[in-house]
Amino acid sequence: MKAELRVVQGESPGRRYPLPETGRFLLGRSPEAHVRVNDVCVSNAHCSIERCCGLDSVSDLHSRNGTLVNGTRITQHPLGDGDLIQLGETVLAYWTLPDTARIRAETTVVHVRDGWQRSAAAVCDRFELRGRGLSGILQQSPEESPQVQKLRSALEAFYNIVVLTNRETNQRKVLELALDAALQSLEADRGAVVISGAAGEHGPIEIMRARDTRAPETMVISQTIVDMCATEGVSILTSFDTPAQVALASQSIVMQGIQSVMCVPIEAEHTILGVLYVDSTSLVGRFSKHDLEVLAAIASLLGTLLEKRMLETRVHDVGQQLDFVRSNIPVGLYRSTKEGLLLYANEALAAMLGHPGRQALDNVNLLASWVVPQERARWLAEIESVGCVRGFEVELRRRDGERIWVRENAYVQRARDGGFLYYEGLLEDITERRRMDEELRRHRDHLEELVRARTAELATAKEQAESANRTKSAFLANMSHELRTPLNAIIGFSEILLEDAEEEEAAERVTDVQSILTSGKHLLSLINDVLDLSKIEAGKLDLHLEDFDLKKMLDDVVRTIGPLVEKNANALRVELAPDLGMVRADSRWSRQILLNLLSNACKFTQRGTVTLAAARAAADGGEWIELRVSDTGIGMTPEQLGRLFQAFSQADSSTARKYGGTGLGLAISRKICQMMGGDISVESKFGAGTTFCARIPARGVAEVARPARAAGPAGGASR
Amino acid sequence: MAKILVIEDNEMNRRMVTRRLTKRGYQVITAVDGLAGIEATRTDRPDLILMDLSLPGIDGWETTRRLKANGESRGIPVIALTAHAMAGDRESAVAAGADDYETKPIDLPRLLAKMAALLPRAGKAVPAAAAGGESAAGESAAEA
């Protein structure tokens, strides 16, 4: 459908702007507008014509002074022929163009009182377009006076319908006007319009009119004819002049005295919206085929009118919905020119930017609020390359100077021909979110700073501790050296004196010198233990894993411990499993641990039994050697058990005096056992005896845990 | 009679070792530091040297190295003695050329056993008093 805008009033009256086949057509003061109106009262993008689905409509682009159609301010309005669009002082008429314009009547516009109306000639243009039968009448007998009469009367009807209904908002009134025009034109006595529920704005409509004084309420029309027309979509023209036709006629037709009937469907887009019915009670054969054509043309016009109104309603509803959404959505919406000049802004955007209302943003440049206008280059590059920007974060300055961050999605709106229309953007205020992000980041940074500081502190503390530990180890090593040298002399000379005393058989002197020797040796073992423990803690004790025959080692241990077993009149029971075989461990320390456990057992047991048991065991996916030393000695209380493996801790301080020992043996034994990948466990009952169990891996431990374990809390000593 | 050179700076220990070894039939000569030790080795030709490692002046390790570097004294067995018992002392002594190692305080029977093992290599007999009676390597049960 071709259509155009004609300048009726304004800069160049008579100038025509053909509308493109489809798409959008911009009117305004902007240089980009298709119809450029140089008028200060006109906004840059004032309004646009949208062509969609054969329906043209005009939308106000939220212009400052508004767009008027036929004198009424509109937001969106469907366009019909002759509609007058007013922007400021400029008035344009909308016209669709016939494909073959046989009849082209120039439109003249006359100013009538308060509004704009069209002359009859304008209507003619329209009929040529719709062209149903009228041209036939014209061609058939242009010079016959009754025919011309008929044509005039038909034209009058159309004129009335178009002109009178155009400003009528009530659908029922429109139908009444149309029906009256039809009755008038066709000289019918009675008429009816029946509209289905789908087409009626407030449900189905049934209108009956009579030309004479008969009250329409008493009217009855033939339901048969109406139904036939409505359901089958056929036009009906009939007279009840022959007896056969009368016989066929229904009771109602006879009762009403109907002589001739015409009934045509009112259609739009191949849907039957209703029927238009006229009859004559005065004359048989009242209506000719030409009359039917006229009635059909009126029905067609009615169909178009109804359809237009239906679309108007729909467009209006959609427009209202859109307006509602635009005004209430908490997202800022805008349209702008290429330069950033705002063509439209919604309330949310106005609120975002601190303006009292969206009108305040008319013709404001959005770019002026960008804190960093240089960012626009990036924005433009993005939108130019892909037609949109997504999630673009930019800082804006509000009217009150406050800064906000927004996240923007924007699009280029283009006409069908690719021409630029405007930018359309959605802005989300993310100031709060960014503030929270920032706060979160600050907290995180602060936390990291704290962690860093704390880590540094700990590193320093660790360094200090390690340094202290090194100092301690060095001190112990040196001390032990300094202690050993005089001890060397003490023990050496004691042994010399002891030998002399023994040779001289001076019994009392032997006992005295033995005391010196025993004390010296105890001091020596104490020094040795302290040194071992400090080596363990300094991580300097190296284990030497080797394969050795366990049974052989145990036999040797049993031999060595013999004198100690006898000392307290104890009995030693040895229970060795037959399959002990070869073991991979530090043999010297394994032996030392075992001797330590056995000597403890012997020391704390009087006239009892000390049992040494050894066996292989599988557990935790590995093979273990379990060395168990049980005694029937004095045992320990739970409290004593709890302190058992602490260095320098015997069950109680008096124990040391009574039983001797440095209090370090168990601690050392356990640490070394742990370094070999095993451990020592203990069970004891006070007064009944104690069982120690040392477990060590039979095949060595993959990595011999050294400093990590050894540097632990000063663990484990002996009883 | 096997001649033993004791290089030891501590007078008490020097006297103690001298007495105990003499009592077991050894001839003992002494030196108070490394240089004196090297001199004594050259002049008195000992059969075995007991070398204290922590000596003033040149220490025991260096003295050992020098003795072992000299063709004349290379064949004389050296037993390093030290009050140091930290890990690596034995290795460092052996690395310096010592033939064996013993910690102080001296466990006399064990030291005698080590001397007895080395002396035949120097072509010297072990005194009867030292070879007899004493059991070798008498490790006692650890005190707890």
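Within helix H11 (residues 431-504) of chain A, A:Glu466 and A:Lys462 are placed 4 residues apart, about one turn of the helix, where helices are DSSP runs of H or I of at least four residues, numbered from the N terminus. Their side chains meet in a salt bridge with an N to O distance of 3.1 Å, the term denoting a side-chain nitrogen of Lys or Arg within 4 Å of a carboxyl oxygen of Asp or Glu. A:Glu466 is partly exposed, with a relative accessible area of 32%, whereas A:Lys462 is exposed, at 53%; buried here means under 20% relative accessible area, exposed over 50%, and partly exposed in between, computed with a 1.4 Å probe on protein chains only.

The model is predicted, with local features requiring pLDDT of at least 70 and side-chain atom pairs pLDDT 80 or more, while totals for chains, interfaces and linings use all residues. Residues are numbered from 1 along each chain as its sequence is written, chains are lettered from A and ligands numbered from 1 in the order in which they are written, and side-chain values use heavy atoms, leaving out hydrogens and water.

Over all chains, the structure holds 48 salt bridges. One of them is formed by the side chains of B:Arg20 and A:Glu499, at 3.8 Å from N to O. Because B:Arg20 lies in helix H1 (residues 11-23) of chain B and A:Glu499 in helix H11 of chain A, this pair joins two chains. Both B:Arg20 and A:Glu499 are buried.

In chain B, the side chains of B:Arg66 and B:Glu62 also meet in a salt bridge (3.1 Å, N to O), and both residues lie in helix H3 (residues 60-69), 4 residues apart, about one turn of the helix. B:Arg66 counts as partly exposed at 38% relative accessibility, as does B:Glu62 at 27%.

The axes of H3(B) and helix H4 (residues 89-96) of chain B come within 8 Å and cross at roughly 30°, axes being lines fitted to C-alpha atoms over the stretch in contact, with angles between N-to-C directions running from 0 to 180 degrees. H3(B) and H4(B) are therefore roughly parallel to each other, a description applied to angles under 35 degrees, as against roughly antiparallel over 145, roughly perpendicular from 65 to 115, and oblique for the rest. In this contact (heavy atoms within 4.5 Å), B:Trp61, B:Thr64, B:Arg65 and B:Lys68 of H3(B) meet B:Ser92, B:Ala93 and B:Ala96 of H4(B).
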